[in-house]
Amino acid sequence: MAEQPSPTSELQHQLQRLSEKFAERLVQELPELASKAKLLQAADHETQLQQLRSLRDQLHKLAGAAGTFGFASIGQRARELEQQAMHWLESLRLKDQDLQEFIHQLQQFAAQSVQSEAAAKSPARPQKPLKAETDVHCIYILEDEVSIGENMRLTLGNFGYHAEHFSRIADFDAALQRRLPDALIIDVNLGDSEQTGLVYAAALQQRLEQPLPLLVITTEDDFATHLEAVRVGAMGYFTKPVDIPQLENRLDRCFAQQQGEPYRVLIVDDDHDLASRYSLILRGANMLVEVLETPAGIFEAMSRFNPEVVLLDVNMPDCTGPELAQIIRFNDDWLRVPIIYLSAETDITRQMNALIKAGDDFITKPIGDNALVTTVFSRAQRARLLSIALSRDSLTGLLKHADIKEQVGIELERAQRSGKPASVAMLDIDFFKKVNDSYGHVAGDNVIRALANLLRQRLRRVDSLGRYGGEEFLVVLPDCTADQALQVLDEIRQRFADLQFIAGDSEFSVTLSAGIASTEQAAQAAGELLERADRALYVAKHGGRNQVSQS
């Protein structure tokens, strides 16, 4: 006789189903809220008040129901927005500036909530907020082991991606018909499937107009499987148990390569016409190019332009190419920059002698346009990847300790020249040792990586981010007052506290503390600014943690 489920487990199952049903409702209702908010912009005053009443009523219902179904943060935020709407309805005044801010908050609330809680299978496992469609990378995971796939989905969600997991090829194909993702993660061994993940991936990539970035996960670690993965176009290969932070790091590199800034190329050649032609060809290939006709200007050009490749004529008056290459190599900061010699020299011995003296490659003139672009592009690509690997922390992808400290000095000097404020913030994960002790170092790495990605997504492109050491981060915010920094970092603090992490069968959350120092006070050195930020962090830590403090 089959074992009957206990009344308690059946109740839990029914509650879970209700919560999932409510989550499905939220997926529809929250975007409708955002759409209604947008209509406020074009309406006259009387219509605005009517629409505001409708929004207030909807927010009121949402605030009451969400918490009951386990969506506490949605309920709390809905309550705050409801009270805001009530205040304006009571005063019968809604300024344009307030209106725009309210619309923005509603749209932000809808987008964040849909991904973070409403779209999750379980209300106890919220994902990272989903930003605008263009800002969030969508990842499809094909993994027949449900626990592995779901863990990967939730962890990538914490890292800021919109991830969807499928255990069967049929479901995966159906999702591809609805929407193409930005990248694929496919398991090699698909259990009951008649074909391997690599065979499926090969057929899929051929069907697509443009191949998608593909990462492979597998229990196999043999040469033949690696080779097959390369032949289907895989950009990453990970053996189980998968190191998800490293997998995400590779994803990040794939997207950075697709959307990266143009490569910077410095041409040093005394032949003006030839250098101009090379410059036009490379610019036509979307590269940034500068031409230097006098070798004596090399120091200024290297420091200001910071090239990723140097094209160097071998035969120049007063200073040969190999001599100039050796001068460049005297500076340790320029050791990573590849030097490509340009010359009509065809003698192999002389070419080798030139390469031995600090060169990396040799292009014989005349060179075809495509060959020039290909050679420079491949060298620049490798140089950028190497530079990132050397200057960036391997786990987080953020600047290393020395590089982020240097950035503090650079921004301080810029602030002093421009008269604009700059702020520096130190962040530290609260009780991080307990995370490692309780859940293991893999879980600790996931927490660190999640915070790094949250910082990267919520801060501006002009801001500098670095891993200062262990679980401590340093943020440099140009053209930013201490109050503005406090507002931004406190929002990040709250978002970080909302993330749910998984380790085995356990779920946990983590908080952070931060200290801010600004250049708005008297002129100081970079070291003093860092010291003040560190003291402010100390205040936040000893004031109860999970807070942001200003010096």
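Let's start with a definition: two residues are in contact when they have heavy atoms within 4.5 Å of each other. Hello everyone; this is a predicted model, where local features need pLDDT of at least 70, side-chain atom pairs count only at pLDDT 80 or more, and totals for chains, interfaces and linings use all residues. Residues are numbered from 1 along each chain as its sequence is written, and side-chain values use heavy atoms, with hydrogens and water left out.

First, the overall picture. The chain has 19 helices and 17 strands; these are DSSP runs numbered from the N terminus, helices being H or I with at least four residues and strands E with at least two.

Now, a pair of helices. Which residues of α15 meet α19? They are K405, V408, G409 and L412, and their partners in α19 are A526, L529 and L530.

Finally, let's visit D187, which sits in strand β3 (residues 183–187). Is D187 buried or exposed? D187 has 2% relative accessibility, so it counts as buried (under 20% relative accessible area is buried, over 50% exposed, and in between partly exposed, with a 1.4 Å probe and protein chains only). Across the chain of 551 residues, 48% count as buried. Leaving aside residues up to four places away in sequence, D187 touches L142, E143, D144, G197, I217, T218 and K240.
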